[in-house]
Amino acid sequence: MGVSTLAFVGCTGGAGTTRLTVETAATLARSGRSVAVVDAAFGTQGLATYVGGRIDADVTAVAVGDASVDDALVEWDIDADGRVALCPAHAPFERLARAKSAESAQTLERAIEELAGRFDHVLLDVPPIASNQAVAAATTAQRRVLVVPASQRGSDLLPRQQGRLRDIGAPATAVVATRVDGDAEPIEDAAHTVGHIGADAPRPVATDPDTEIAPAVAAMTEDLLDVDLGLTFEDDGLFSR
């Protein structure tokens with residue numbers, strides 16, 4: 001089944017880390033796999049925007065011991081043969097503060113390990129390394145990918161996050177450049193590039209094989225997770241690494 005846990009670590013805010021994480025989950029589900037997506041970016045809580053309706057228990061409640069991980073999982077209804085379950089962050093400030101403690105980070109690690117035993121893959125949406133929960137998510141994952149926007153700011157901040165991952169003993173497996181378009185700043189270290197996904201694009205877009213994003217995310221996913229998805233794209237026929 002390849003790598004079971006992968007952390008997407010943003011180099012900066014606005015890198016598109018959450019979007020890339022969920023598009024990867026959708027790509028895996030398109031190949032019939034089960035995927036859990038865990039939000040370790042407690043501050044921005046971007047994964048919650050993919051959940052329709054009320055969120056009663058969330059990942060911070062799991063981290064502080066107020067809820068089980070099953071309580072916090074929300075099924076994502078997408079057009080795919082597999083399953084995607086989201087574990088978003090959506091909490092008042094008081095619980096956010098408690099969830100950032102070292103003890104809560106250890107609880108988060110155990111929750112991730114529990115999910116890894118029940119899903120084919122667990123994907124972690126991780127902010128720049130500067131908090132206990134970000135360190136916990138990054139070090140628990142088997143592999144880490146740094147997500148950097150194709151801009152001068154992204155290029156400038158990349159070495160800092162590469163260094164922080166090395167400092168915690170969890171170096172990056174690869175770098176992925178996002179928001180790539182004709183005017184984008186090239187990211188020399190990038191193993192993969194993913195085009196710009198507009199705010200009005202469908203959620204997810206990767207389940208549509210006719211888009212430019214779908215094959216790019218599939219190629220990245222196969223490489224980072226050591227899997228053969230066997231997905232079909234109209235332009236290239238049977239997709240392979």
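Biologist: Is Asp 66 buried or exposed?
Modeller: In this predicted model, Asp 66 counts as exposed, because its relative accessibility is 52% and the cut-off for exposed is over 50%.

Biologist: Which residue does the side chain of Asp 66 meet in a salt bridge?
Modeller: Its partner is Arg 98, with an N to O distance of 3.6 Å.

Biologist: Which residue forms a salt bridge with Arg 98 at 2.5 Å?
Modeller: That residue is Glu 94; the 2.5 Å is the distance between the closest N and O atoms. Glu 94 and Arg 98 are 4 residues apart in helix 4, which means that about one helical turn separates them. Glu 94 is partly exposed, with 47% relative accessible area.

Biologist: Which residues are linked in a network, then?
Modeller: Salt bridges link Asp 66, Glu 94 and Arg 98 in a network.

Biologist: How many salt bridges are there in the whole structure?
Modeller: A search of the whole structure gives 9. One of them pairs Asp 56 with Arg 54, whose closest N and O atoms are 2.6 Å apart.

Biologist: Are Asp 56 and Arg 54 buried or exposed?
Modeller: Both Asp 56 and Arg 54 are exposed.

Biologist: Changing topic: where does Asp 125 lie?
Modeller: Asp 125 is part of strand 5, which covers residues 121–126.

Biologist: What is the nearest side chain of opposite charge to Asp 125?
Modeller: That is Arg 203, at 11 Å. Asp 125 is buried, yet it has no salt bridge. A salt bridge requires the nitrogen and oxygen to be within 4 Å.

Biologist: With which side chain does Asp 125 make a polar contact?
Modeller: The side chain of Asp 125 makes a polar contact with the side chain of Thr 18, at 2.5 Å.

Biologist: What else is Asp 125 in contact with, leaving aside its neighbours within four places in sequence?
Modeller: Besides Thr 18, the residues in contact with Asp 125 include Phe 8, Thr 17, Thr 21 and Val 38. Asp 39, Ala 40 and Ala 41 are also among them.

Methods: Residues are numbered from 1 along each chain as its sequence is written. This is a predicted model: local features need pLDDT of at least 70, side-chain atom pairs count only at pLDDT 80 or more; totals for chains, interfaces and linings use all residues. Side-chain values use heavy atoms; hydrogens and water are left out. Buried means under 20% relative accessible area, exposed over 50%, partly exposed in between (1.4 Å probe, protein chains only). Helices (H or I, at least four residues) and strands (E, at least two) are DSSP runs, numbered from the N terminus. Lys and Arg count as positive and Asp and Glu as negative; His and the chain ends are not counted. A polar contact is a pair of N or O atoms within 3.5 Å; within protein, one must be able to donate a hydrogen and the other to accept it, and residues adjacent in sequence count only if both atoms are side-chain atoms. Contact means heavy atoms within 4.5 Å.
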